[in-house]
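I opened the notebook to keep track of what I looked up. The entries follow the order in which I went through the chains.

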Amino acid sequence: MFPYIVRRIFVMFLMLTLLSIVVFLLFNAVPTDPARLTCGKSCTPEVIAANRIRLGLDQPLLTQYLEWIKGFFVGRTYGTGSATFECSRPCLGYSFRSGEEVTTLIVNAVPVTMYLALGAFTLWMVVGISAGIVAAKHQGKWQDRTIMGIALVGYSLPVFFVGLLLLIFAIVRWNVLPYPDYEPPFEDPVAFFQTMLLPWVTLAILYSAYYARLTRSQILETMGEDYIRTARAKGLSERVVFRKHAFRAGLTPIVTSAGLDLAGLLGGAIITEYIFSLPGLGRVAIGAVTDYDLPTITAAVLVSAVFIIIANLVVDILYVAIDPRVRIT
Amino acid sequence: MTPKDNVILEVKNLNVEFTTDDGVVHAVNNVSYTVERGKTLAIVGESGSGKSVSSLAIMGLLTGTNSNVTGEVFFNGKELVGAHPDEVRKLRGDEMAMIFQDPLSALHPYYTIGDQLIEAVLVHNKISEEAARERAIEMLIKVGISSVEQRIDEYPHQLSGGMRQRIMIAMALINGPELLIADEPTTALDVTVQAQILELLRELQKEFGTAIVLITHDLGVVADLADEVLVMYAGSAVEHAGVRELFYEPQMPYTWGLLASVPQISVKKEKLDPIPGSPPSLLNLPIGCVFEPRCTFKNQVANNACVEKFPELLVVSQNHEARCHLSESQRIAIRTDRKIGKINK
């Protein structure tokens with residue numbers, strides 16, 4: 001078990017290294033000169049040339065990459081003489097648009113996305129899995145049909161539709177909630193919950209529907225397994241058969257999905273954040289893309305990728321905990 | 001002591017139907033048999049003959065909402081059909097137990113051998129977990145597992161097929177049931193392991209006095225272990241006899257076909273003798289004899305009886321019944337001609 005985890009972590013770092021190279025190359029693959037993007041329309045060629053040297057964009061690619069990596073781990077200094085400015089570690093460069101440190105942008109955005117993702121995740125796991133269990137237990141009966149009917153509708157509705165609908169009715173028309181205005185949870189918990197409720201619900205509707213369907217099909221599949229028949233043949237009550245034997249076995253694919261879905265959301269729920277004006281990673285990323293803000297784009301991509309890689313690792317470790325057959329060294 | 005006291009299981013007119021989108025599947029039709037304490041009844045038949053379904057029905061393991069079980073099943077004199085599911089559940093694993101064909105899929109992959117055995121003990125006994133573990137260890141030794149202290153904490157996937165089936169047997173017999181239903185216990189195993197498992201079943205049966213209902217399509221296994229044989233075809237019992245009577249004086253064309261299809265080492269043959277055709281659809285059974293569409297002797301019966309009339313159970317001798325419209329002299333003639341069984345008359 002322990003060597004397995006160590007090996008997985010090693011592989012994770014290898015993947016991150018490769019990823020940083022790919023992301024860095026993307027930065028340089030855009031058809032526009034990065035130095036040109038550092039200043040607006042009224043830029044003179046002199047300023048562009050100066051910026052190019054200042055940001056080290058005149059250096060060979062390898063040097064640039066190593067500088068970039070070095071910046072992340074130890075910090076870096078841009079420019080020389082009186083025009084130097086320090087970018088302390090972890091340095092991801094400066095936003096071309098606002099001139100802010102990218103690290104600051106990311107660090108400010110990550111908690112917002114994290115609250116959004118975790119809140120929605122909790123909501124959909126509870127609702128989706130419970131609904132799936134109820135449906136599976138009443139297979140073919142009205143409970144099953146009702147739940148699966150609702151799930152089909154929920155699964156078919158796109159986030160931008162549900163989000164806008166909730167926004168228009170709950171906030172604009174009926175004034176049930178105030179207009180979204182993000183506040184950190186520890187500073188103004190009431191405003192935080194009032195702002196986050198609808199985004200959570202928006203995401204949870206889609207994912208609950210998916211998880212209800214997944215849970216139901218998993219449980220029904222597991223209930224048909226031979227070892228469930230054995231459990232019944234032992235004289236175990238249906239409750240024990242279900243809880244101890246069927247549920248745990250049906251859990252594995254749900255864990256996989258859950259881990260990856262959560263990681264995907266942590267990388268930024270772009271549409272939801274946009275609709276409800278949440279200053280999260282998705283907003284940062286989409287803003288950076290529209291503005292050709294290369295350092296911010298690379299940082300956003302990198303952060304999302306890190307979330308997904310970590311989620312994969314966690315899922316794999318959970319697998320080992322759930323299924324003893326995976327316990328290979 | 002009434003003659004019934006030595007009967008552990010009595011099945012009377014058991015019917016099992018499944019309602020499907022295509023219609024009603026008649027999986028088991030009016031099957032009756034009895035099993036005596038400590039004896040072995042083998043139920044033989046090909047896939048879909050209803051042998052497994054009938055035993056699942058007895059155990060109360062047909063849990064699907066689309067199944068319908070009617071008839072009477074007396075276990076130790078207690079009626080099981082229509083009994084409260086909880087009452088049947090309390091008997092399961094305690095007084096009657098079951099083992100299945102594929103021991104790998106029948107054991108839960110996520111729990112250790114010990115956990116699964118201990119669970120089986122604790123459902124029916126109010127004892128401590130330590131005591132249950134002791135009992136599990138004892139039982140594992142009895143079924144011939146080596147280095148039990150180590151094995152007990154292993155998972156099913158770490159064991160061989162033969163060992164897994166030994167575990168299943170240990171789990172089934174751990175509470176000393178009076179009846180064991182073994183559903184093709186050796187089908188998924190290697191031939192050498194098959195013999196070991198059969199030997200183990202025989203030994204344990206002697207030790208515990210357990211009655212066994214052995215479901216199989218392997219006539220070698222039947223000859224080895226059974227006291228009585230019930231031949232099933234398309235959901236009906238077509239012949240029921242003591243094991244000697246069945247092999248020496250089979251009375252029914254389907255049984256003849258079964259016996260003829262077994263390769264014999266003493267007879268040199270280029271090809272096996274399969275029964276031509278395939279069983280009828282259980283959705284739409286023939287009105288007459290279920291075996292009529294494949295029977296090569298139906299022309300010898302007058303008045304088209306095989307097509308029009310389902311044959312009654314014919315008492316051949318004290319311990320032998322069969323369903324066939326052929327007359328006794330016709331059956332003897334055919335058996336003599338084809339050298340089926342032993343001809344004494």
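The entries below cover chain A, then its side facing chain B, then the strands of chain B.

**Entry: ground rules.** I noted that this is a predicted model, in which local features need pLDDT of at least 70 and side-chain atom pairs count only at pLDDT 80 or more, while totals for chains, interfaces and linings use all residues. Residues are numbered from 1 along each chain as its sequence is written, and chains are lettered from A and ligands numbered from 1 in the order in which they are written.

**Entry: chain A overall.** I looked up the secondary structure and found 13 helices and two strands in chain A. Helices (H or I, at least four residues) and strands (E, at least two) are DSSP runs, numbered from the N terminus. The C-alpha trace of chain A spans about 85 × 60 × 35 Å along its principal axes. I then checked burial: of the 329 residues in chain A, 34% are buried. A residue counts as buried if 20 or more other C-beta atoms lie within 10 Å of its own, with C-beta atoms placed from the backbone.

**Entry: contacts within chain A.** Two residues are in contact if their C-beta atoms, placed from the backbone, lie within 7 Å. I took the contacts in chain A between residues at least 6 apart in sequence, and 65% of them join residues at least 24 apart.

**Entry: two domains.** I looked up the domain assignment, which gives domain 1 (2–87) and domain 2 (107–326) for chain A. Such bounds come from an automatic or database domain assignment. The centres of the two domains of chain A, taken over C-alpha atoms, are separated by 34 Å. Across the boundary, 16 residues of domain 1 of chain A are in contact with twelve residues of domain 2 of chain A. On the domain 1 side, helix H1 (2–29) and helix H2 (34–37) of chain A each supply at least two residues. H1(A) gives the largest share of that side, twelve residues. I sorted the residues of that side into 13 nonpolar, two polar and one charged. Here Ala, Val, Leu, Ile, Met, Phe, Trp, Tyr, Cys and Pro count as nonpolar, Asp, Glu, Lys and Arg as charged, and the others, Gly among them, as polar.

**Entry: chain A against chain B.** How many residues of chain A are in contact with chain B? I found 18, in contact with 24 residues of chain B. Helix H9 (226–233) and helix H10 (238–266) of chain A each supply at least two residues of the chain A side. The largest share of that side, six residues, comes from H9(A). The residues of the chain A side divide into five nonpolar, five polar and eight charged.

**Entry: a sheet in chain B.** I traced an open sheet of four strands in chain B, in the order E2-E1-E4-E5, with antiparallel pairing. Strands pair if DSSP finds at least two bridges between them. Strand E2 (23–36) and strand E5 (78–79) of chain B stand at the edges with a single partner strand each, so one side of each has no neighbour in the sheet. Strand E1 (residues 7–20) and strand E4 (residues 67–75) of chain B pair over eight bridges. B:Val11 has B:Val73 in E4(B) as its bridge partner.

**Entry: a hairpin in chain B.** Two residues join E11(B) to E12(B) in a hairpin. Strand E11 (residues 313–317) of chain B pairs with E12(B) in the antiparallel sense over four bridges, and B:Val315 stands opposite B:Glu321 in E12(B). B:Glu321 is also the bridge partner of B:His240.

How values were computed:
Buried ≥ 20, exposed ≤ 12 C-beta atoms within 10 Å, placed from the backbone.
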